[in-house]
Amino acid sequence: MKSKINEMYAQGLLTAGGIANAIASGWITDADAVSILGEEDGLAAAKTARIAQSKAALAAYLEAHPIQWTDGAYYAITADKQQQLASKIMAATMAQTLSADYRLTWNSTGEVCREWTLSDLSALAFAIDARVTALVTYQQTQEVAMRGAETLDDLRAVTVDYDSVGGTDAAGG
């Protein structure tokens, strides 16, 4: 694959960004990128790829690690679910302000929606926010370290391990 990518780059069919995508996709290594692009541009492509990989790994981690709440159930913490939850809380808050009827519901992972109080659902939202903020802060810290790497070895030394991020859920896990 390296020879094909090298050929495409030499023919102007692939940019340095394409090389970064090839690293992120696992088609070539970061060392291959350096041999194709040269030390400086290869390192830049490797940094771009590692940062993209860390962001994709965060999204996958959020998907695979719902938060356990005080009721013992697990609740998804993906970006999509966070957005939906914020929308539900906003709608319930507006309904409360307007003294309008509103049935506030939310579901645990793999279950149907059940009714919640605004206070209880807000508490869940705060817990989700605290967990996600810790994970995003960790990703950003690792990204800054990746951007600061001066060599491939420096870049490779930056680990991304979302399991290492502290913070417990409401059930103590």
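1. Q139 is buried, at a relative accessible area of 5%; buried denotes under 20% relative accessible area, exposed over 50%, and partly exposed the range in between, with a 1.4 Å probe and protein chains only. Q139 lies in helix 6, where helices (H or I, at least four residues) and strands (E, at least two) are DSSP runs numbered from the N terminus. Leaving out residues up to four places away in sequence, Q139 touches I51, S54, K55, L58 and Y162, a contact being heavy atoms within 4.5 Å.

2. The model is a predicted one, in which local features need pLDDT of at least 70 and side-chain atom pairs count only at pLDDT 80 or more, while totals for chains, interfaces and linings use all residues. Residues are numbered from 1 along each chain as its sequence is written, and side-chain values use heavy atoms, with hydrogens and water left out.

3. T159 is placed in the segment after helix 7. Neighbours within four places in sequence aside, T159 is in contact with Y138 and Q142. T159 and L58 are separated by 101 residues in sequence and by 13 Å in space, C-alpha to C-alpha.

4. Helix 5 (residues 79-97) packs with helix 6 (residues 118-148) at an angle of about 150°, and their axes are 11 Å apart. Axes here are lines fitted to C-alpha atoms, for helices over the stretch in contact, with angles running from 0 to 180 degrees between N-to-C directions. The two helices are therefore roughly antiparallel; angles over 145 degrees count as such, those under 35 as roughly parallel, 65 to 115 as roughly perpendicular and the rest as oblique. Helix 5 passes helix 6 in a left-handed crossing, meaning that the near helix is turned anticlockwise from the far one by less than a right angle, whereas clockwise gives right-handed.

5. On the side of helix 5, this contact involves Q82, L85, I89, A92, T93 and Q96, which meet L118, L121, S122, A125, I128 and V132 of helix 6. By class, the contact has eight nonpolar, four polar and no charged residues. Ala, Val, Leu, Ile, Met, Phe, Trp, Tyr, Cys and Pro count as nonpolar, Asp, Glu, Lys and Arg as charged, and the others, Gly among them, as polar.

6. Helix 3 (residues 30-37) is mostly covered, with six of its eight residues buried: D30, D32, A33, V34, I36 and L37. These buried residues pack against helix 1 (2-10), helix 2 (16-24), helix 4 (39-64) and helix 7 (152-157). After helix 3 comes G38, which has a positive phi, near 95°.

7. Helix 2 and helix 3 have axes that come within 9 Å and cross at roughly 160°. That makes helix 2 roughly antiparallel to helix 3. The crossing of helix 2 past helix 3 is right-handed. In helix 2, A16, I19 and I23 meet D30, A33, I36 and L37 of helix 3. This contact comprises six nonpolar residues, no polar and one charged.

8. Helix 3 and helix 4 pack at about 145°, with their axes 7 Å apart, and helix 3 passes helix 4 in a right-handed crossing. D30, A33, V34 and L37 in helix 3 meet E39, D41, G42, L43, A45 and A46 in helix 4. The residues of this contact divide into six nonpolar, one polar and three charged.
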